[in-house]
Amino acid sequence: EEEEEEEEEGEKRDEYAVPSMATVSSHVKLVRLCVKVSVADFGVSLLDGGLNELVYLSLRSIRGTRLVGVAVSSWELKVGSMQVDNQTDVGLPVLLQRASQQEEERRKVTPA
C-alpha cells in the first residue's frame, strides 16, 4: 500500500541508492559508528635495489571518515594536495602535482 501511495504522489523511492556522508551523518540515529582520521603530511619513497631513491610521493591534509549505519556503510577519503617527485637526475623534477584548493583560488585571481 505504501508503494502505491508514493507512486501516486510522484515520488518513487530507490531502495538501492547510497546516501551521501552529509545525509547519513545528519541522521544520527542511523549511525552506529563514525571514525574520523586526519593526517597533516604523509610521504613515501620508492627505492631501487641499491637503495637509491627514485620517486617520492607526498600527500598533505589527508582526512578519512568511516561510517557504519543501520542500512549503509561508507568510506570517504579526501587529500588536500599531492605531489610525485622524480629523485633521479634524468627528467623533470615534478612528475605529478595536484594543487590544493587555496592554490587554485589564488591562480584564478592573479592573471598569468
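Okay, let's start with Arg60: at 42% relative accessibility this residue counts as partly exposed, where partly exposed sits between buried (under 20% relative accessible area) and exposed (over 50%), using a 1.4 Å probe and protein chains only. Quick note before I go on: this is a predicted model, so local features need pLDDT of at least 70, side-chain atom pairs count only at pLDDT 80 or more, and totals for chains, interfaces and linings use all residues. Also, residues are numbered from 1 along each chain as its sequence is written, and side-chain values use heavy atoms, with hydrogens and water left out.

So, which residue does Arg60 pair with in a salt bridge? That's Asp41, and the closest N and O atoms are 3.7 Å apart. By salt bridge I mean a side-chain nitrogen of Lys or Arg within 4 Å of a carboxyl oxygen of Asp or Glu. Asp41 sits in strand S1 (residues 31-47) and Arg60 in strand S2 (residues 53-69), so the pair ties together parts 19 residues apart in sequence. Strands here are DSSP runs of E, at least two residues, numbered from the N terminus. Side chains of opposite charge can pair when their charged atoms come close. Asp41 itself is exposed, with a relative accessible area of 51%. And if you search the whole structure, you find one salt bridge.

Staying with strand S1, look at Leu33, which is found there. Leu33 is partly exposed, at 42% relative accessible area.

Is Asp85 buried or exposed? Asp85 is buried, at 16% relative accessibility. Setting aside residues up to four places away in sequence, Asp85 touches Leu54, Val55, Tyr56, Pro93 and Val94, with contact meaning heavy atoms within 4.5 Å. The C-alpha atoms of Asp85 and Leu95 are separated by 5.6 Å, and those two are ten residues apart along the chain.

Last one: Gln83, which lies in strand S3 too. Beyond four places in sequence, the contacts of Gln83 include Tyr56, Leu57 and Val94.

Conventions:
Helices (H or I, at least four residues) and strands (E, at least two) are DSSP runs, numbered from the N terminus.
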